[in-house]
Amino acid sequence: MWKYYSKNHLSIISVAFVIGVVVMAFTFGDSQELYAEIFPSEMVEFMYSNVLITYSLGGVSLASLANAILLIQYIMQKWAFGIFIIMMVLILTPDVISVVGVITLVPCVIFSIYGIFSLNKSNKEALAKEGMKSEKDIVDLYKENHNLLEEYQSMAFQCRKNAQKISAIYALGLVAIIFVLLFMNNFLLIMLAILFFTYAFNYLARYKMSCFLPITSLLYEKCDPEACASAIIYYSTNKRSFKLTNQTLFAQCLIYLDDAQTAKKALATYPLKDEASTLSYYSIMAYIYYILKDEQNLIACKEKASKVRLNMGAVGVNIQSQDIAAIQNKIDLINGDFNTCRKYYLQAFQRAQFPFQKVDAAYYIGLISFVEEDYVVAQTYLEKVVQTGNKMHFVNKAEHYLSKISEINIQEES
């Protein structure tokens with residue numbers, strides 16, 4: 001999973017190195033007296049006779065601090081109690097953070113470079129396995145079967161612009177915390193600054209995710225997978241490149257457009273960077289394998305999802321149990337255990353938070369009821385699909401079954 005962070009890690013410490021060199025270049029000439037108080041005279045003489053090396057050491061110092069901060073963030077993301085470990089280290093031996101940053105700088109650079117090449121290689125292999133050369137091929141596959149709606153282009157660009165602003169603020173925050181560690185001597189103020197930046201970074205991460213909500217709502221609230229997929233494609237398109245964003249949402253759109261094959265291809269390079277993304281991946285893939293009637297891979301998805309361990313306490317356990325229950329339900333559907341599936345979908349319909357979830361559950365309740373010749377219940381739920389489903393492919397199928405029910409009713413009356 002670490003390789004998904006490699007590019008970001010290397011970029012940040014590279015920028016920190018450049019900033020460190022620039023800061024040292026501007027402050028070095030006026031700091032001779034300060035260095036004379038800190039270092040032996042021989043070292044000060046060496047520093048002023050080897051300016052380029054000294055500037056580079058300034059860059060290394062700042063890059064090491066950035067490296068330490070990134071490692072702290074990874075620990076906090078990986079373990080729920082990571083924040084307490086960091087605070088304990090800062091209180092007992094604060095210099096350890098700097099030392100660790102210096103010691104691990106070169107290994108982190110090497111691992112980051114290796115991770116970038118390794119990730120690119122695995123992505124190319126995954127794309128080749130799906131018959132594609134690049135992620136851009138997804139757009140061509142989408143256009144072959146669906147409409148790319150231009151009216152959602154401006155929305156997508158605005159969402160991306162907002163997300164880019166948040167990323168820029170995040171980068172400035174990292175620079176700020178580095179300078180706090182460099183120039184602030186009061187330990188209490190340093191602790192307060194770290195707590196503030198930790199809270200601010202978490203808030204920025206949540207706010208950046210909210211920038212995508214207008215696009216998400218096109219599927220979740222308006223039940224328009226074609227509009228949502230179009231917005232995602234425009235969001236992912238830059239002038240010179242294409243990087244598919246929010247692949248799971250895009251795959252969901254394709255599922256509700258009855259295009260499981262393209263949905264599977266869209267997830268070829270999906271980043272399994274943490275437990276939450278891994279669980280989300282297997283949950284979506286299970287739906288795809290159900291549509292493709294691939295029971296073997298469907299069962300494999302359940303096994304792999306069961307091994308995921310979310311570090312979210314009771315909330316994580318609840319999320320995982322719901323996802324595994326959804327996968328098991330798809331297995332039951334393939335095996336024709338309709339009574340169990342009907343109960344599952346009735347519960348899913350009741351607890352659904354978004355219209356698209358209600359449409360999904362209502363369609364399968366109607367379908368199961370139709371197969372079991374319970375036409376009254378089937379008609380009730382299929383009509384709900386038609387009323388709410390908008391452009392989800394369930395609507396056409398629901399209308400088909402409703403016409404069949406109408407024919408049966410007419411025959412019975414005759």
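Mentor: A salt bridge here is a side-chain nitrogen of Lys or Arg within 4 Å of a carboxyl oxygen of Asp or Glu. The model is predicted: local features need pLDDT of at least 70, side-chain atom pairs count only at pLDDT 80 or more, and totals for chains, interfaces and linings use all residues. Residues are numbered from 1 along each chain as its sequence is written, and side-chain values use heavy atoms, without hydrogens or water.

Trainee: By this rule, what does the count of salt bridges come to?

Mentor: One of them joins Lys 391 and Asp 224, at 3.9 Å from N to O. By the rule, the count comes to five.

Trainee: Which residues are linked in a network of salt bridges?

Mentor: Start with Lys 264, whose closest N and O atoms to Glu 130 are 2.8 Å apart. Lys 265 also bridges to Glu 130, at 3.9 Å. The network therefore follows from the pairing rule, and its members are Glu 130, Lys 264 and Lys 265.

Trainee: How many residues apart are Lys 264 and Glu 130?

Mentor: Helices are DSSP runs (H or I, at least four residues), strands are E runs of at least two, and both are numbered from the N terminus. Lys 264 sits in helix H14, while Glu 130 is in the loop between H7 and helix H8 (136–145). The pair links distant parts of the chain, and the separation is 134 residues.

Trainee: Does Glu 130 count as buried or exposed?

Mentor: Buried means under 20% relative accessible area, exposed means over 50%, and partly exposed lies in between (1.4 Å probe, protein chains only). Lys 265, a partner of Glu 130, is at 19% and makes the buried class. Glu 130 has 15% relative accessibility, so the residue counts as buried.

Trainee: At what relative accessibility does Asp 224 count, in its bridge with Lys 391?

Mentor: Lys 391 lies in the loop between helix H20 (375–388) and helix H21 (394–413), and Asp 224 in the loop between H11 and H12. Lys 391 is partly exposed at 42%. Asp 224 counts as buried, at 7%.

Trainee: How much space lies in the second largest pocket?

Mentor: On a 1 Å grid over the protein atoms alone, a pocket is an open set of points where a 1.4 Å probe fits, with protein on both sides within 12 Å along at least five of seven lines. Lining residues have an atom within 4 Å of a point. Points join across faces, edges and corners, and volume is the space filled by probe spheres set on them. For this pocket the volume is about 390 Å³.

Trainee: Which residues are closest to the centre of the second largest pocket?

Mentor: The lining has 16 residues. Helix H7 (105–129), helix H15 (275–291) and helix H16 (295–307) each give two or more. Closest to the centre are Lys 129, Glu 130, Tyr 281, Met 285 and Tyr 289.

Trainee: What is the phi of Cys 223?

Mentor: Most residues other than glycine have a negative phi. Cys 223 lies in the loop between helix H11 (213–220) and helix H12 (225–236). Cys 223 is buried, at 1% relative accessible area. Its phi is positive, about 55°.

Trainee: Where is the place of Asp 258?

Mentor: Asp 258 also has a positive phi, near 60°. At 40% relative accessibility, Asp 258 counts as partly exposed. Its place is the loop between helix H13 (247–255) and helix H14 (260–266).
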